[in-house]
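Subject: A structure for you to look at

Hi there,

I'm passing a structure on to you, and I hope you enjoy looking through it. Please open it first, and then read my notes below.

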Amino acid sequence: MENFLWTVGVTSGPELGYWRRMVSTVTALVTVIDDTYDFYGTIHELELFTDAVRRWDVNGIDHLPDLHNTMSQIAFDVFKKQGIHIIKFLKNMIGLCKAYLQEAKWYYSGYKPSLNEYIENACISIATPLILVHAFATATNPITEKAMKSLDDYPELIS
């Protein structure tokens, strides 16, 4: 609920209802995944989960139903409405899971990262790049290949 209320605070126009639903869904998934890495998973389980997300394997969908289906549905919706393939950009979830795994490894091993190590990882684990890509892909209409390519050409803009 709080994720949805945040999106209403960001924009309340009725024309962005789809955007609010998709960004709410993504931020809720990010929250659940973050909590899983922080509190619920063993290192072995987290490594398996990270590997499954990294492979983005449809055969592993039984283990990742909400994550895979949500990202694929967003990509399908944008393709259907605008004819643009965005799945590679939505796969930023892979980097997020890798960053969460790094934090879990530091915690379980008792390692205290240097400030530079921490900041470098936190730039991803804060989830801002992932949420910005989803927000851009679901709010921009029409979205262009050139605009999506700029996410590849200028990744520092969102990280």
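This is a predicted model: local features need pLDDT of at least 70, side-chain atom pairs count only at pLDDT 80 or more; totals for chains, interfaces and linings use all residues.

Residues are numbered from 1 along each chain as its sequence is written, and side-chain values use heavy atoms, with hydrogens and water left out.

Helix 2 covers residues 17-40; helices (H or I, at least four residues) are DSSP runs numbered from the N terminus. Its axis and that of helix 8 (residues 128-139) come within 9 Å and cross at roughly 160 degrees. Axes here are lines fitted to C-alpha atoms over the stretch in contact, and angles run from 0 to 180 degrees between N-to-C directions. Helix 2 is therefore roughly antiparallel to helix 8 (over 145 degrees; under 35 degrees counts as roughly parallel). On the helix 2 side, the contact (heavy atoms within 4.5 Å) includes Tyr 18, Trp 19 and Met 22, while helix 8 brings residues including Leu 130, Ile 131 and His 134. By class, this contact has 10 nonpolar, 3 polar and no charged residues. Ala, Val, Leu, Ile, Met, Phe, Trp, Tyr, Cys and Pro count as nonpolar, Asp, Glu, Lys and Arg as charged, and the others, Gly among them, as polar.

Helix 6 (residues 92-109) packs against helix 2 at about 25 degrees, with the axes 9 Å apart, so the two are roughly parallel to each other.

With helix 3 (residues 43-55), the angle is about 155 degrees and the axes are 10 Å apart, which means helix 2 is roughly antiparallel to helix 3. Ile 33, Thr 36, Tyr 37 and Tyr 40 of helix 2 meet Glu 45, Leu 46, Phe 49 and Thr 50 of helix 3.

Helix 2, helix 4 (65-82) and helix 8 each give two or more residues to the lining of the second largest pocket, and helix 4 gives the most, with 4 residues. The lining has 6 nonpolar, 4 polar and 3 charged residues.

Happy browsing!

How values were computed
Angles under 35 degrees count as roughly parallel, over 145 as roughly antiparallel, 65 to 115 as roughly perpendicular and the rest as oblique.
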